[in-house]
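Let's take a walk through a protein chain together. Keep the picture open while you read, and look for each part as it comes up.

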Amino acid sequence: EVQLVESGGGLVQPGGSLRLSCAASGFTFSNYAMGWVRQAPGKGLEWVSAINSGRGSTSYADSVKGRFTISRDNAKNTLYLQMNSLEPEDTAVYYCAKWDGGDAYDYWGQGTQVTVSS
C-alpha cells in the first residue's frame with residue numbers, strides 16, 4: 001500500500017523558515033518523480049515544486065522560486081521541501097504527491113499545515 005506522510009508544518013513568522021518532510025512507503029521511491037502541492041484557505045490546489053526520479057532535476061512555481069528548495073533522499077525514502085523567506089501568502093496545507101509516470105499525481109499525503117503570521 002502506498003503511503004505518504006508529511007511532517008514539519010507549523011506556525012512561523014514572516015521571513016522565517018521551515019523544512020517539510022514526506023516519508024514514503026509501499027513503492028520503489030527512487031523510481032518516481034515526486035512533488036509538493038499546496039492549498040491556501042478558500043483557494044484551489046497550487047503546484048509548488050517537483051523533482052524527478054534518481055538524483056532528480058527540479059522545477060518550481062514562480063511564486064516560490066528562489067525561496068523554496070525541493071530535495072529527496074532515496075536511501076531514506078523521504079522527500080523534503082526547504083522553505084525560506086516565508087511570506088503570509090505561503091500559508092496553506094502542503095501535500096506531497098507521487099507522480100504516476102504519465103501525466104498526473106496518483107497518490108497524495110494527508111497534508112501538513114503551514115501558517116505564516118506575526
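This is a predicted model: local features need pLDDT of at least 70, side-chain atom pairs count only at pLDDT 80 or more; totals for chains, interfaces and linings use all residues.

Now zoom in on how the strands pair up. E1 and E3 are joined in the antiparallel sense over five bridges, and Leu4 has Ala24 in E3 as its bridge partner. Strand E3 (residues 18–25) also pairs with strand E8 (residues 78–83), again in the antiparallel sense, over six bridges. There, Leu20 has Leu81 in E8 as its bridge partner.

## Two faces of strand E1

Which residues of E1 are on its covered face, and which on its uncovered one? Leu4 and Glu6 make up the covered face, while Gln3, Val5 and Ser7 make up the uncovered one.

Is Ser21 buried or exposed? Its relative accessibility is 16%, and the cut-off for buried is under 20%, so Ser21 counts as buried. Setting aside residues up to four places away in sequence, Ser21 touches Val5, Glu6, Ser7, Trp36, Thr78, Leu79 and Tyr80.

Ser25 also has its place in strand E3. With 30% relative accessibility, Ser25 counts as partly exposed. If you leave out neighbours within four places in sequence, Ser25 is in contact with Glu1, Val2 and Gln3. Take Gln3 from that list: Ser25 and Gln3 are 22 residues apart in sequence, yet their C-alpha atoms are 5.2 Å apart in space.

## The disulfide

How many disulfides does the structure hold? There is one, and it joins Cys22 to Cys96, with 2.0 Å from S to S. This pair links distant parts of the chain, as Cys22 sits in strand E3 and Cys96 in strand E9 (residues 92–99), 74 residues apart.

The link of Cys22 and Cys96 is right-handed, with 40° about the S-S bond. Both ends are tucked away: Cys22 is buried, and so is Cys96.

## Stepping back to the whole chain

What is the secondary structure made of? The chain has zero helices and 11 strands, so if you follow the elements from the N terminus, they run β-β-β-β-β-β-β-β-β-β-β. Contacts across the sequence show up here too: among those between residues at least 6 apart in sequence, 52% join residues at least 24 apart.

How does the chain's size fit that of a compact globule? With 118 residues, such a globule would have a radius of gyration near 13 Å, and the chain agrees, because its own value is 13 Å. Along the principal axes, the C-alpha atoms fill a box of roughly 40 × 25 × 25 Å.

Of the 118 residues, 42% count as buried. The chain exposes about 6000 Å², and carbon and sulfur atoms supply 45% of that area.

Notes
Residues are numbered from 1 along each chain as its sequence is written. Side-chain values use heavy atoms; hydrogens and water are left out. Two strands pair if DSSP finds at least two bridges between them. Helices (H or I, at least four residues) and strands (E, at least two) are DSSP runs, numbered from the N terminus. The radius of gyration is taken over C-alpha atoms; the globule rule is 2.2 Å times the number of residues to the power 0.38. Buried means under 20% relative accessible area, exposed over 50%, partly exposed in between (1.4 Å probe, protein chains only). Contact means heavy atoms within 4.5 Å. Accessible areas come from the Shrake-Rupley method with a 1.4 Å probe; for residues, only the protein chains shown count as cover. A disulfide is a pair of cysteine sulfur atoms within 2.5 Å.
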